[in-house]
Amino acid sequence: MKILVCISHVPDTTSKINFTNNDAEFDKNGVQFVINPYDEFCLTRAMWFKEKQGATVTVVNVGGAETEPTLRKALAIGADDAIRINIDPTDGFLVAKELAAVVKSGGYDLVLAGKESADYNGQMVPGMLASLVDFNFVNGCVEMEIEDAKVTAKREIDGGTETLSTSLPLVIGGQKGIVEEKDLRIPNMRGIMMARKKPLQVLEATGANASTNIESFEKPAPKGAVKLVDADNLDELISLLHNEAKVI
């Protein structure tokens with residue numbers, strides 16, 4: 001089984017976010033970038049298939065040279081090889097089309113991607129990718145087993161989970177649950193050294209055009225000042241909750 005894991009290069013969630021150029025561009029100065037957490041869950045699941053079922057695992061990223069340390073970390077975790085598509089990922093449809101070209105040429109049986117990236121939260125790429133390559137698709141996947149070409153998957157729905165039967169070839173939009181946080185792997189020194197020797201192929205973009213453009217960013221409004229109410233003054237508390245907070 002050939003597995004392709006899509007890796008997004010995203011800011012660490014603890015990073016302080018700022019914008020430049022009249023709030024039209026994300027300021028990357030001083031920001032630590034990491035593997036998108038949803039993608040890391042998927043990569044860990046792919047490693048299970050590699051170890052238990054002899055699968056080969058390739059990781060792919062759409063982005064510039066600055067994303068290569070993130071791909072090297074994925075290789076250190078255990079992926080066999082990596083692909084970087086050399087174009088700025090400015091649009092979800094552009095990313096899906098570039099990934100589709102890799103899937104079609106690589107003969108992959110299973111494509112694993114986080115259900116969304118932790119920076120833009122678009123939840124678009126896995127579904128569009130599945131449509132472009134005509135693969136089966138399960139989004140919000142929290143559990144998956146594969147026997148031969150038959151797949152049993154669970155996905156999160158409102159109020160519970162849904163169990164599905166499908167088959168390869170397949171695109172999965174995964175999230176926490178496909179593995180748990182305790183199962184995530186920290187690269188050891190041997191893995192880091194081996195990652196330096198593993199192939200990382202750089203592909204030029206196919207010429208896909210972005211369908212959207214970012215006009216501007218806006219931070220959430222700052223939180224208001226805290227108002228303290230005397231424990232015995234229930235009338236004032238009720239008035240504030242009703243007239244200002246509007247929660248009752």
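What share of the 248 residues in the protein chain is buried? Buried residues make up 38% of them, where buried means under 20% relative accessible area, exposed means over 50% and partly exposed is in between, with a 1.4 Å probe and protein chains only. The model is a predicted one, so to speak of local features takes a pLDDT of at least 70 and side-chain atom pairs count only at pLDDT 80 or more, while totals for chains, interfaces and linings use all residues. Residues are numbered from 1 along each chain as its sequence is written, and side-chain values use heavy atoms, with hydrogens and water left out.

The protein chain has 6 helices and 13 strands, taken as DSSP runs numbered from the N terminus (H or I over at least four residues for helices, E over at least two for strands). Its C-alpha trace spans about 70 × 45 × 40 Å along the principal axes. Of the contacts in the protein chain with a separation of 6 or more, 69% are between residues 24 or more positions apart; contact here means heavy atoms within 4.5 Å.

Now for the nonpolar cores, each a set of buried Ala, Val, Leu, Ile, Met, Phe, Trp, Tyr and Cys residues joined through side-chain atoms within 4.5 Å. The largest one has 35 residues, and Val5, Val59, Leu110, Leu112 and Met144 have the most contacts inside it. Elements that each supply at least two residues of this core include strand 1 (2-6), strand 6 (56-62), strand 8 (110-114) and helix 2, but the largest share, 6 residues, comes from helix 1. Another core, of 19 residues, lies apart from it, with Ile83, Leu99, Tyr108 and Ala130 among its members.

Two helix pairs are worth a look. Helix 1 (residues 37-53) and helix 2 (residues 68-77) pack at about 30° with their axes 10 Å apart; axes are lines fitted to C-alpha atoms, for helices over the stretch in contact, and angles run from 0 to 180 degrees between N-to-C directions. The two are therefore roughly parallel, given that angles under 35 degrees count as roughly parallel, over 145 as roughly antiparallel, 65 to 115 as roughly perpendicular and the rest as oblique. Glu40, Leu43 and Met47 in helix 1 meet Lys73, Ala74 and Ile77 in helix 2. Helix 3 (92-106) and helix 4 (residues 125-133) have axes that come within 9 Å and cross at roughly 45°, which makes helix 3 oblique to helix 4. Among the residues that meet here are Phe93, Leu99 and Val103 in helix 3 and Met128, Leu129 and Leu132 in helix 4.

Asp91 sits in the loop between strand 7 (81-86) and helix 3 and is buried, at 6% relative accessible area. Leaving aside neighbours within four places in sequence, Asp91 is in contact with Ala210, Ser211 and Thr212. Most residues other than glycine have a negative phi, and most peptide bonds are trans. Asn22, however, has a positive phi of about 55°, and Asp23 has one of about 65°. Asn22 is exposed at 75% relative accessibility, whereas Asp23 is partly exposed at 38%. The peptide bond from Leu168 to Pro169 is cis, with omega near 0°, and Pro169 lies in the loop between strand 11 (160-167) and strand 12.
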